[in-house]
Amino acid sequence: MRIVLFTGKGGVGKSTVAAGTAALAAARGLRTLVISTDAAHSLADAYGAAATGARHGGAEPTEVAPGLFLQQVDAQLRFEQSWADIQRYLLSVLDAAGMDPVAAEEMTVIPGAEEVLALLELRQHARSGKWDVIVVDCAPTAETLRLLALPEALGWYIERLLPIQRRLVKALRPVLNRAAGVPMPGDAVFDAITRLHAELDDVHELLSGPDASVRLVLTPERVVLAEARRAFTSLCLFGYRVDGVVANRIFPADDADRWRAAWVEAQAGVLAEVAQSFNGLPVFTSEYQPSEPVGVAALADLATTLYGDADPLAAPVGDGPFRVTRTDSGGAVVHLALPFVTRSEVDLARNGDELVMTVGSYRRLLTLPPGLARLRVAGARVDDGELRVRFAEPVLEAR
């Protein structure tokens with residue numbers, strides 16, 4: 001099963017490209033699901049289909065064309081179905097605070113929960129074995145990066161802090177209940193959070209695996225290109241493969257008047273930078289359409305022109321952004337692709353069995369496997385857009 005995620009700066013047309021890619025896959029006879037992690041999803045509008053979701057009469061995927069299924073996540077319903085224990089606890093806290101029950105029920109859907117629940121929905125479908133292809137229309141870049149970083153970040157909290165907090169709450173619950181005036185969480189709440197972590201960890205494994213990849217969508221503008229470059233670096237930092245770039249909404253050069261000719265020239269300059277920036281990745285281009293592509297047939301036509309003879313669902317090749325090689329001396333080298341980054345932009349630290357890597361505002365806590373955790377960090381450098389961290393046998397102290 002193939003998973004393709006589309007992300008990019010808001011307004012570049014990623015939903016259109018995602019919907020078109022899914023329509024093309026279904027037209028080729030593949031059982032295809034397209035799902036959105038964007039709270040402001042518009043896939044149903046793109047297909048010209050009736051809205052989906054529990055509030056519109058269906059919580060399951062809706063078939064919008066032969067073999068093409070669409071699902072837009074209803075956060076309230078999925079939260080009630082999947083995290084009833086957490087919701088009951090939150091309701092009890094809000095009730096103790098004197099909040100109206102109807103308002104409290106709305107408040108228990110945590111901000112950002114829709115994106116997280118969409119990832120869990122994706123996991124459920126990916127593990128079901130029902131689909132040949134799952135296309136994911138992601139939220140704009142910043143939200144997508146935060147979302148894809150969530151499994152590892154939450155894992156650190158779950159593994160390090162939750163056991164301590166759980167023991168403290170269990171031991172001091174009567175005192176805390178009286179002191180705080182609100183009920184403390186019980187084992188069911190902690191179990192639900194632990195289950196959430198396990199499922200998000202599985203999401204990370206799925207999306208960083210060999211059958212999943214991210215495709216960056218951009219318009220040929222310098223500001224958009226700058227964000228796409230940063231997104232490429234950050235996606236690699238968290239171990240996700242980027243397998244292509246879509247340059248969307250290119251002005252046609254034919255019969256251009258003075259105003260459009262200026263745009264054509266400016267876009268040509270940026271497209272040259274795109275080719276240079278993402279050297280080694282395919283860059284698919286799509287011209288401005290004479291009218292808005294709405295409907296399954298129009299979107300499939302757009303995708304057919306976009307990909308040409310290329311296979312839009314070809315599995316990504318290569319080792320991915322993260323790999324480990326062994327040295328003859330018994331040490332190892334951790335390789336992590338970090339395109340566009342210099343050594344001075346990388347902060348690196350060792351904390352026990354974790355390697356803490358920071359690039360810009362993003363930080364990854366990489367838990368080292370036992371074979372590496374016993375070694376010491378002997379050095380690090382950045383060469384040709386790749387971070388290389390050398391590990392060597394510990395130095396024995398002289399007695």
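A residue counts as buried when its relative accessible area is under 20%, and as exposed when that area is over 50%. The model discussed here is predicted. Cys138 has a relative accessibility of 3%, and it is therefore buried. Cys236 comes to 5%, so Cys236 is buried as well. A disulfide requires two cysteine sulfur atoms within 2.5 Å; by that rule the model has zero disulfides.

Cys236 also belongs to the buried set of helix 10, which covers residues 222-237. This helix has 16 residues and spans 23 Å from its first C-alpha to its last, close to the 22 Å expected at 1.5 Å a residue. Its buried residues are Val224, Leu225, Glu227, Ala228, Ala231, Phe232, Thr233, Ser234, Leu235, Cys236 and Leu237. After the helix comes Gly239, with a positive phi near 85°.

The next topic is a helix pair. Two packed helices are described by the angle between their axes and by the distance between the axes. For helix 1 (residues 14-27) and helix 12 (residues 296-307), the angle is about 90° and the axes lie 7 Å apart. Angles of 65 to 115 degrees count as roughly perpendicular, so helix 1 is roughly perpendicular to helix 12. On the helix 1 side, the contact is made by Thr16, Val17, Ala19, Gly20, Thr21, Ala23 and Leu24. Helix 12 contributes Val296, Leu299, Ala300, Leu302, Ala303, Thr304, Leu306 and Tyr307. Sorted by type, the residues of this contact are eleven nonpolar and four polar, with no charged residue.

Key
Residues are numbered from 1 along each chain as its sequence is written. This is a predicted model: local features need pLDDT of at least 70, side-chain atom pairs count only at pLDDT 80 or more; totals for chains, interfaces and linings use all residues. Side-chain values use heavy atoms; hydrogens and water are left out. Buried means under 20% relative accessible area, exposed over 50%, partly exposed in between (1.4 Å probe, protein chains only). Helices (H or I, at least four residues) and strands (E, at least two) are DSSP runs, numbered from the N terminus. The expected span of a helix is 1.5 Å times one less than its number of residues. Axes are lines fitted to C-alpha atoms, for helices over the stretch in contact, and angles run from 0 to 180 degrees between N-to-C directions. Angles under 35 degrees count as roughly parallel, over 145 as roughly antiparallel, 65 to 115 as roughly perpendicular and the rest as oblique. Contact means heavy atoms within 4.5 Å. Ala, Val, Leu, Ile, Met, Phe, Trp, Tyr, Cys and Pro count as nonpolar, Asp, Glu, Lys and Arg as charged, and the others, Gly among them, as polar.
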